[in-house]
Amino acid sequence: MTKAVAVHTPQSQSHPSGRPVQPPPVFGGFSGEEAPARPVITEGEAGERRFDHVAITSVFGDPAHPRTWSGAPRNLGVALEKLGVTVEGFHPHLSKTFKMGLAARHVMGGYGRLMTSEQLYRAAPARRHLARQLAAKAAERGTRHIIHTGALDLPAVEAQATADPMADRAHRIHHYLYCDHTWALAAEHRPDIAGYSARALEAYEELERRSLHCVDHIFTFGRYVRDHIISHYGVPAARVTAVGSGMGDIKPYIGPKDYAKPKLLFVCKHLFREKGGELVIEAFQQAVLRRPDLTLTIVADPSVRDRVPEHPAIDFRSALPWAELQELYRRSSLLVQPMLNDPWGQVYLEALISRTPVLGLRRNGLPEITGDGRYGFLASRADPQVLADLIIHAVSDPQRLAVMGARGQNHVLETYTWDRVARAVLFP
């Protein structure tokens, strides 16, 4: 059995959308920096805390790496360290050989055509394998508290025949989940959902339900996810808390901004179609016929360059230095990002912190991020004509964009910080 891998110091990498990725320094703890000797704790927080030592786990990569799950595990770990918590990272994974075996079992077991590796990770054998890796690493390190950034490595499938689904309960390990979505929410808008067999859909839903019920507490990015977990999966409300998310490295912009020039922006590091890239292009081509002064800058991976048409008003960028990407946010008057199924959207926060209103679909976390349309525009459905009409409406009033941008920036600064998330996680 392959053991979980502890946090290591990754090599510097470049981000397809231009964000520089800085590896943690080789000294110190989870963040690579020494935690403050006297963390700032308010009088109301001086009482009981959930833990003093915790492991953050991710199946998507090294939790300490800035690119893993958009940097959320690392940012949470750094914020917890500032509060005096010792943080380590576990990265349970599936070997290539194990994946090959799972793929064969997947097809023969009647789970349908295998389209992505995600299907393997969602199945019971993979979850059991990942959970056992974590149990072994926890026993080796004496870890008693684990924050899972996703449900795919939870121990719910460890002991299916027992009354207690948490097989490691005897070792007094406390499991917490920090999530931005659920399987049921994701399935509602997945572009590929028709390719899943009925058996696979039923199995994934049941595994999700059992995983959510086996943890001590669930922390969600959005309130809509919290409400869904309570109503759909039946988890007691006292065990689910919406804590939001924080920001990345982008700095607030307070300089001059010209909203009279309708400069649209779309930013995507991967999953071009799913993030709304094709939809944006179709909508823009319709809208520019009515507003010839519209321009669109697309920042994406070079691999999708041939999917972007040659058009004098469309500027395709890739591999941008961080400073240039940040400047694009600041110069743009509207982020047009109709993501088909993104549960939250860090890109929306990055735009709003730059005083750039956003335009997207009225689904998942965007209504919550925009204050139900106070800081952006919400399209009723994923239709190019609907989006084109909304783009024309949005850019028709520069003063409205300026007000939205200013209010949206204040909302993000007051609401979305990693210190705030860490405090909500640490203190009951």
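Mentor: Helices and strands here are DSSP runs, with helices at least four residues long and strands at least two. Keep in mind that this is a predicted model.

Trainee: How many helices and strands does the protein have?

Mentor: There are 14 helices and 15 strands.

Trainee: And what share of the residues count as buried?

Mentor: 54% of the 428 residues.

Trainee: Moving inside. Which residues have the most contacts within the largest nonpolar core?

Mentor: Phe51, Leu76, Leu80, Ile147, Tyr178, Tyr329 and Tyr348, in a core of 49 residues.

Trainee: Which element gives the largest share of this core?

Mentor: α10 does, with 6 residues. Other elements that each supply at least two include β4 (53-57), α1 (72-82), β7 (174-179) and α14 (418-426).

Trainee: Which domains does this core draw on?

Mentor: At least three of its residues come from domain 1 (53-243), and at least three from domain 2 (263-415).

Trainee: Back to Leu76. What is it in contact with, leaving aside neighbours within four places in sequence?

Mentor: Leu76 is in contact with Ile56, Ile147, Tyr178, Trp418, Val421 and Ala422.

Trainee: Last one: what percentage of contacts with a separation of 6 or more do residues 24 or more positions apart account for?

Mentor: In this protein, such pairs account for 71% of those contacts.

Definitions and conventions:
Residues numbered from 1 in each chain as written. Predicted model: local features only at pLDDT ≥ 70, side-chain atom pairs only at ≥ 80, totals over all residues. Heavy atoms only, no water. Buried < 20%, exposed > 50% of the residue type's maximum accessible area, 1.4 Å probe, protein only. Contact = heavy atoms within 4.5 Å. Core = buried A, V, L, I, M, F, W, Y, C linked by side-chain atoms within 4.5 Å. Domains from an automatic or database assignment.
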